[in-house]
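Morning, everyone. One model today, and I'll keep it brisk. Please have the viewer open.

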Amino acid sequence: MPATTEYDVIVIGAGAVGENVADRAAQGGMRTVIVEAELVGGECSYWACIPSKTLLRSSAALRAAQRVGGAREAVTGPLDVAAVLRRRDYMTSDWKDDGQVKWLEGAGIDLVRGWATISGPREVTVTDEDGGTVVLTAKHAVAVCTGSAALLPDIPGLRESEPWTSRDATSVQRVPVSLAILGGGTVGTEMATAYAGFGTEVHLIARHGLLGSEEPFAGERVTAALKELGVTMHLDVTTESVERTEDDRFRIRLGDGSTVETDELLVATGRLPRTSGLGLQSFGLEDGGWLTVDDSMRVLDAAGEPVGGGWLYAAGDVNHRALLTHQGKYQARAAGDAIAARAKGHEVSLAPWGAFVATADHQAVPQVTFTEPEVASVGLTAAAADKAGYRTRVVDYPIGSVSGAYVLADDYDGMARMIVDEDRGVVLGATFVGQDIGELLHSATVAIVGEVPLDRLWHAVPSYPTVSEVWLRLLETYGRPEK
């Protein structure tokens, strides 16, 4: 018989989301254990956010220097790709999780390595790599934080050809001469930017335009910039089949009759929840499916009721609310606090913007896409606001007309958009496209989450000369209130 160990809370998945659930529960006095089959730190630390942005940063810095007179003349050499990869290896701790494990120990969180199955109500069986098992039981809650994995679409020959997924693209040790990318979303456009910066011949293939969930001008500007970087664009076209050639290259046949041949192929067409094999079907849930949750991250059944009375939670990608690390960590903080509060018999309100809910998931999600140029957005697009029934006004302003922008870079080109709720006089959404624009986003996030009235925003004076002066220009374009 395997040993049985009792905890207050069991967290499945030791990525950034799982770590945050466990940390908040532990801070709330809960004896907590986290289960992980791979590296503590998860996708973001080793295969997603950190390595991808590290790969992008060096060529972005080089291009930024080349846009400034004086620096342009000093920067005459090409990008040192080997040095970029060494920096990426450092940032991922060479795919070793010693530091993350040490953090867990310091936070008072136990770690069990292996594959988890929810084998009963508040019970998890963990199987290690040698086939040994241990049964963990939870007094109060089990939280599923297993994230998502790359989706391979049903294209003839694709799976058999063994293409790259995002993990391969971000952990590469030898940059290919040529690379095809399927998908025009965040991963596809970021990796196209990164590999074009390395000097790789890149083909970007997408069924529609780029960054379809953003404002249209964002995808249009990224498309133009990628072309300038030398990327060959195949847009509004389907992929009919994929095969490996005799010389171990990829041959990709497109719906327009053309063929693309490259050394490597990256598939970046979406994500799947990592919920297969967790035993969820025993509780009326779909094995391998997304998990529906309330705003405190309790998993709901088909009738909309908490599973088993409310002991099962799910935070991060698995609940399909917002597949972003920062949003998953936000959900995790709410979930961990809610678990601890309920365990102590405290009331947990699901009213919007409370201490135990992730209200921002619905209409205030920020995201930065680190393409050339950067795309930073939060809240609703103009189309989404119209669909939701708001009476809106769209305000655009060219960022390059702001003094801080043309100090930042010669011939700065960018665009800002603000979506205003005309009935309440508050900002519903904002999008910024341009060099180094990501750091401007949080001001928009604060304005949207805080529902700051436009007549009060007039008194938030942007420093001069910074790019944030675009806020003043947006407000001037909208028109100062008369009162």
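Start with the open sheet. Four strands, in the order β10-β9-β8-β14, paired in parallel. Ignoring direction, neighbouring strands here are turned by 20° against each other on average. Keep in mind that this is a predicted model.

Now zoom in on one pair. Strand β9 covers residues 201–205, and three bridges join β9 to β10 in the parallel sense. Within that pair, leucine 204 sits opposite methionine 233 of β10.

Next, the helix on the sheet. That is α8, residues 186–198. Helix α8 touches β8 (178–182), β9 and β14. The direction of α8 makes about 165° with that of β9.

On to the annotation. An unreviewed UniProt entry gives a "binding site" at Gly183, Gly184, Gly185, Thr186, Val187, Gly188, Thr189, Glu190 and Gly270. How far apart do these positions lie in space, given a spread over 88 residues of sequence? They cluster: the largest C-alpha distance is 14.1 Å.

Two of the listed positions deserve a look. Glycine 185 is in the loop between β8 and α8. Valine 187 is in helix α8 itself. Buried or exposed, or in between? Glycine 185 has a relative accessible area of 29%, so it counts as partly exposed, between the 20% and 50% cut-offs. Valine 187, at 35%, is partly exposed too. Beyond its neighbours within four places in sequence, valine 187 contacts Ser166 and Ala268.

That's my tour. Over to you.

Methods
Residues are numbered from 1 along each chain as its sequence is written. This is a predicted model: local features need pLDDT of at least 70, side-chain atom pairs count only at pLDDT 80 or more; totals for chains, interfaces and linings use all residues. Side-chain values use heavy atoms; hydrogens and water are left out. Two strands pair if DSSP finds at least two bridges between them. Helices (H or I, at least four residues) and strands (E, at least two) are DSSP runs, numbered from the N terminus. Axes are lines fitted to C-alpha atoms, for helices over the stretch in contact, and angles run from 0 to 180 degrees between N-to-C directions. Contact means heavy atoms within 4.5 Å. UniProt positions are given in the numbering used here, feature names are shortened, and annotations may be inferred rather than shown by experiment. Buried means under 20% relative accessible area, exposed over 50%, partly exposed in between (1.4 Å probe, protein chains only).
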